[in-house]
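The sequence and the structure are shown first.

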Amino acid sequence: MNIRTLLLGLMLTGSLNFVSAQSTKTDSAGTTNTTATTTATQSANPAIDALKKQIEANPKDAEALSKLAGAYQEASDWTNAIDTWKKISVLLPDWAPSYYSQAYVYQNMKDDANAKLAYEKYIATVKPEEVEQNKKNLAYAYFYVAFSEQQSNPAKAKEHIAKSLQYDPTNQDAIKLSQALNS
């Protein structure tokens, strides 16, 4: 319980960076260049190196793991970011932000199937008392799942887009998808 309280406190004070998946776009040319830069940056990144040493000393340090995952994300080192978020999910399986962050990373990796699964896990993991503070992320997660299911399961997509709009009725992409699904 102390770890969860600590992480919640970090989230509220802004010490942990959970980026919004809906605001990041990458092109394939940028991805190639970023990967080359990431390798050079990672080996010369003292913050990442220090966090890795801290985690070696205490592999269950959820705060350090979260900071490391965030540092990997900032460096666009998606493989290490996803591995680190997965470690956090094992350590804190009912902590929803780790699943949202995994989905974000999978999106950047262009792995839509795993992104969808991670958003579904995020939706399922958010506790009722946490819904209010997670409305924007829930709206995006439901939108992403609806978008992913629009061809294969239109009825389910309609349910998800309705939930998305319930949490954020101003999201223009969700409004357009809802109109397309309901026309």
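K156 and E159 form a salt bridge in which the closest N and O atoms are 3.6 Å apart. The model is a predicted one. Both residues belong to helix α9, where they are three residues apart, about one turn of the helix. K156 has a relative accessible area of 33% and is therefore partly exposed, since that class lies between the limits of 20% and 50%. E159, at 49% relative accessibility, also counts as partly exposed.

## Other salt bridges

The structure holds seven salt bridges. Side chains of opposite charge can pair when their charged atoms come close. K136 is partly exposed, with a relative accessible area of 48%. D168 has a relative accessibility of 7%, so this residue counts as buried, the limit being under 20%.

Within helix α7 (residues 112-125), K116 and E120 are four residues apart, about one turn of the helix. Their side chains meet in a salt bridge at 3.1 Å, N to O. E120 counts as partly exposed, at 27% relative accessibility. K116 and E120 are also linked with E149 in a network of salt bridges.

## Aromatic pairs

A search of the whole structure finds nine aromatic pairs. W78 and Y104 form one of them, an edge-to-face pair with 5.9 Å from centre to centre and 75° between the planes. Distant parts of the chain are linked by this pair: W78 lies in helix α5 (residues 78-91) and Y104 in helix α6 (residues 96-108), 26 residues apart. W78 counts as buried at 14% relative accessibility, and Y104 is buried with a relative accessible area of 6%.

Y140 and F143 form a tilted aromatic pair, 6.0 Å centre to centre with 45° between the planes. Both residues lie in helix α8, three residues apart, about one turn of the helix. Y140 and F143 are both buried.

## A ring cluster and a charge over a ring

Y140 and F143 also belong to a cluster that ring pairs build together with Y100, Y119, Y122, Y144 and F147. A contact of another kind involves Y99: K121 lies over the face of this ring, at 5.4 Å from the ring centre.

## Positive phi angles in loops

S76 is not a glycine, yet this residue has a positive phi of about 55°. Its place is in the loop between α4 (62-74) and α5. S76 is partly exposed, with a relative accessible area of 21%.

K110, likewise a residue other than glycine, has a positive phi near 65°. The loop between α6 and α7 holds K110.

Key: Residues numbered from 1 in each chain as written. Predicted model: local features only at pLDDT ≥ 70, side-chain atom pairs only at ≥ 80, totals over all residues. Heavy atoms only, no water. Salt bridge = Lys/Arg side-chain N within 4 Å of Asp/Glu carboxyl O. Helix = DSSP H or I, 4+ residues; strand = E, 2+ residues; numbered from the N terminus. Buried < 20%, exposed > 50% of the residue type's maximum accessible area, 1.4 Å probe, protein only. Phe/Tyr/Trp six-rings, centres within 6.5 Å; stacked < 30°, edge-to-face > 60°. Lys NZ or Arg CZ within 6 Å of the ring centre and 35° of its normal.
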